[in-house]
Amino acid sequence: MINVVKMIREDLANAKIHDPAARGDAENAIVYSGLHAIWMHRFCHSLWKKGFKGLARIIAQFNRFLTGIEIHPGATIGRRFFIDHGMGIVIGETAEIGDDVMLYHGVTLGGQVLTQTKRHPTLENGVTVGAGAKILGPVVVGAGSSVGANAVVTKDVPEDSIAIGVPAKIRPRKKDEHKPLVDPGFYVI
């Protein structure tokens, strides 16, 4: 139980860091659909790992109905994951998301094949994905990288890079360019 409370506090603190409109913890806990979606996903994922896959899928579908955010219960998601304006987000079954990742609305972490294999993206720590971006297939988006709004990524993105366009063109992040916010020291609760 203590881990759940710690995780909720960490998520609420993370919301304040990533969204300047975030006010107080109580308000954020009530109105942030991204928080609701990830909290419900953690429950569904625990059911999935324990073999209650049908029940996990039913609850995940209800979560989608309530939040507009579709996260397959098989997806693996790290700490301090933040979804801003989450409507329309889709995260596939074999997606893997590291710590301190942020997604904006309309993002798809989707597959390209129908075989039961690793078919969804991996987002390493500190990745930010802009509104409407599509990351398709078992690609890896390296730590500290950003994917621009409406980009379509079908190839690996090295760490500390930026992927923009359709199809996405990848370039290294410039030294003076804004890097995603990751401050592990803030999260000591």
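1. Let's start with a term you'll need: a salt bridge is a side-chain nitrogen of Lys or Arg within 4 Å of a carboxyl oxygen of Asp or Glu. The general idea is that side chains of opposite charge can pair when their charged atoms come close. Keep in mind that what you're looking at is a predicted model.

2. Now try the term on R79 and E10. Their side chains meet in a salt bridge, with N to O at 2.3 Å. The two residues sit 69 apart in the chain, so to speak in distant parts of it: R79 is in the loop between β2 (76-77) and β3 (82-84), while E10 belongs to helix α1. Are these two buried or exposed? E10 counts as buried because its relative accessibility is 3%, under the 20% cut-off. R79, at 39%, counts as partly exposed.

3. E10, R79, R80 and D100 are linked in a network of salt bridges. Across the whole structure, a search turns up seven salt bridges.

4. Have a look at L12 too, which is also found in helix α1 (residues 2-18). L12 is buried, with a relative accessible area of 8%. Which residues does L12 touch, leaving aside its neighbours within four places in sequence? The answer is D25, N28, A29, L35 and W39.

5. Next, E93 and R119. Their salt bridge has its closest N and O atoms 2.8 Å apart. Again the pair links distant parts of the chain, 26 residues apart: E93 is in the loop between β4 (90-91) and β5 (96-97), and R119 is in the loop between β7 and β8 (122-123). R119 is buried, at 15% relative accessible area, whereas E93 is partly exposed, at 26%.

6. K118 and E96 form another salt bridge, with 3.4 Å between the closest N and O atoms. K118 is in the loop between β7 and β8, and E96 is in strand β5, 22 residues away. Both ends are partly exposed: K118 has a relative accessible area of 29%, and E96 is at 37%.

7. Finally, the strands. Five of them make an open sheet, in the order β1-β4-β7-β10-β13, with parallel pairing. Why are β1 (70-71) and β13 (152-153) called edge strands? Each pairs on one side only. Further in, three bridges join β7 (residues 108-110) to β10 (residues 134-136), and G110 stands opposite L136 in β10.

Technical notes
Residues are numbered from 1 along each chain as its sequence is written. This is a predicted model: local features need pLDDT of at least 70, side-chain atom pairs count only at pLDDT 80 or more; totals for chains, interfaces and linings use all residues. Side-chain values use heavy atoms; hydrogens and water are left out. Two strands pair if DSSP finds at least two bridges between them. Helices (H or I, at least four residues) and strands (E, at least two) are DSSP runs, numbered from the N terminus. Buried means under 20% relative accessible area, exposed over 50%, partly exposed in between (1.4 Å probe, protein chains only). Contact means heavy atoms within 4.5 Å.
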